[in-house]
Amino acid sequence: MAAVQDTAVAVGTGASSRPAAQGRLARIWASHGAGYMFLLPWLIGFFGLTLGPAIASLYLSFTNFDLIRAPEWIGTANYARIATADPKFAAAVKVTFLYVVLSVPFKLAFALLVAILLDRGVRGLTVYRAIFYLPSLLGGSVAIAVLWRQLFAGDGLINSLLAQFGIEGPSWISHPDYSIWTLVVLSVWQFGSPMIIFLAGLRQIPTDMYEAASLDGASKFRQFYKITLPLLTPVIFFNAVVQTIDAFKAFTPAFIISGGTGGPINSTLFYTLYLYQEAFGNFRMGYASALAWILVLIIGLFTAFSFLTSRYWVHYDD
């Protein structure tokens with residue numbers, strides 16, 4: 001009899017808990033439902049276009065998949081081949097690292113220089129900011145890459161200008177010693193985005209600090225070294241991380257300028273371009289997925305290293 005009563009009590013408790021749970025969900029939906037509805041497009045995009053494909057790519061990196069036959073599980077064979085039997089992988093890594101090391105510092109230095117010049121109270125500042133920011137919007141397009149290829153061709157505008165001074169310029173994009181530099185110059189030309197951020201950071205530095213330094217006899221260079229750079233290090237750090245990630249992901253300029261080959265002699269074979277060749281040229285989707293995850297790991301390591309070392313040179317309010 002006691003067991004029957006306990007069972008009845010349990011059933012009654014469960015029955016009463018369901019309406020309570022439903023009422024709790026109704027209250028949550030009433031208070032937060034509109035917010036979740038506004039987030040719904042982003043949630044669909046994140047799970048359907050970002051997280052879902054990323055998980056599928058991770059699975060495919062352990063398979064042999066050519067878009068025609070079903071994926072065949074091969075374990076870590078793709079990663080083993082990358083590490084031991086793929087000379088083009090080493091060439092792509094070398095070219096990409098060289099591009100990152102050259103383009104990011106030059107781009108940030110030029111952007112900071114322009115920001116300092118604009119911070120001195122130039123008339124029509126908004127117009128200049130718009131003009132200087134425009135290359136950042138257009139620089140990654142196919143049209144600009146095609147234009148760049150025409151500028152640096154053997155009979156292009158650059159060599160025509162050099163010929164006016166009696167200088168015979170090489171074919172910049174078809175010479176392995178110069179081709180990477182054309183892409184670096186294109187990257188530096190897209191300085192608008194970090195320039196705007198640098199300018200905003202410069203505007204936050206109190207002017208009375210410069211006035212006090214001037215009264216103490218500090219030169220402009222010393223003011224820049226002792227005041228501007230330390231107070232601007234958080235902005236420099238942010239720009240350096242963002243631009244480094246973008247440099248690792250660069251694809252369109254190298255693809256257009258080299259005609260999709262990464263030539264001459266793999267001198268413009270960016271990592272992303274090699275990944276594209278493996279995926280859509282050789283139809284080795286499993287191998288390309290493994291390359292993609294190694295790129296994620298490389299970018300993650302660089303970002304983690306940047307954050308770990310930032311404590312030694314980035315100065316915040318404290």
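How are helix 3 and helix 12 oriented to each other: roughly parallel or roughly antiparallel? They are roughly antiparallel (angles over 145 degrees; under 35 degrees would be roughly parallel, 65 to 115 roughly perpendicular and the rest oblique).

## About the model

This is a predicted model, in which local features need pLDDT of at least 70, side-chain atom pairs count only at pLDDT 80 or more, and totals for chains, interfaces and linings use all residues. Residues are numbered from 1 along each chain as its sequence is written, and side-chain values use heavy atoms, with hydrogens and water left out.

Helices are DSSP runs (H or I, at least four residues), numbered from the N terminus.

## Helix 3 and helix 12

The axes of helix 3 and helix 12 lie 8 Å apart, and the packing angle is about 150°. Axes are lines fitted to C-alpha atoms over the stretch in contact, and angles run from 0 to 180 degrees between N-to-C directions. From helix 3 come Lys-88, Phe-89, Ala-92, Val-93 and Thr-96; they meet Tyr-271, Tyr-274 and Gln-277 of helix 12 (contact: heavy atoms within 4.5 Å). The residues of this contact are five nonpolar, two polar and one charged. Here Ala, Val, Leu, Ile, Met, Phe, Trp, Tyr, Cys and Pro count as nonpolar, Asp, Glu, Lys and Arg as charged, and the others, Gly among them, as polar.

## The nonpolar core

The largest nonpolar core has 61 residues. Such a core is a set of buried Ala, Val, Leu, Ile, Met, Phe, Trp, Tyr and Cys residues joined through side-chain atoms within 4.5 Å. Phe-89, Tyr-271 and Leu-291 are among those with the most contacts inside this core. Helix 3 gives the most to the core, with 14 residues.

Phe-89 touches Ile-82, Tyr-271, Tyr-274, Leu-291 and Ile-294, leaving aside neighbours within four places in sequence.

## Helix 7

Helix 7 is largely enclosed by the rest of the structure, because eight of its 11 residues are buried (under 20% relative accessible area with a 1.4 Å probe, protein chains only; exposed is over 50%, partly exposed in between). Its buried residues pack against helix 3, helix 5 and helix 11.

Thr-182 sits in helix 7. Thr-182 counts as buried, at 2% relative accessibility. Leaving aside neighbours within four places in sequence, Thr-182 is in contact with Trp-148, Phe-152, Trp-172 and Ile-173.

## Helix 8 and helix 10

The axes of helix 8 and helix 10 come within 10 Å and cross at roughly 155°. These helices are therefore roughly antiparallel to each other. Their contact holds eight nonpolar, four polar and no charged residues.

Technical notes: Helix = DSSP H or I, 4+ residues; strand = E, 2+ residues; numbered from the N terminus.
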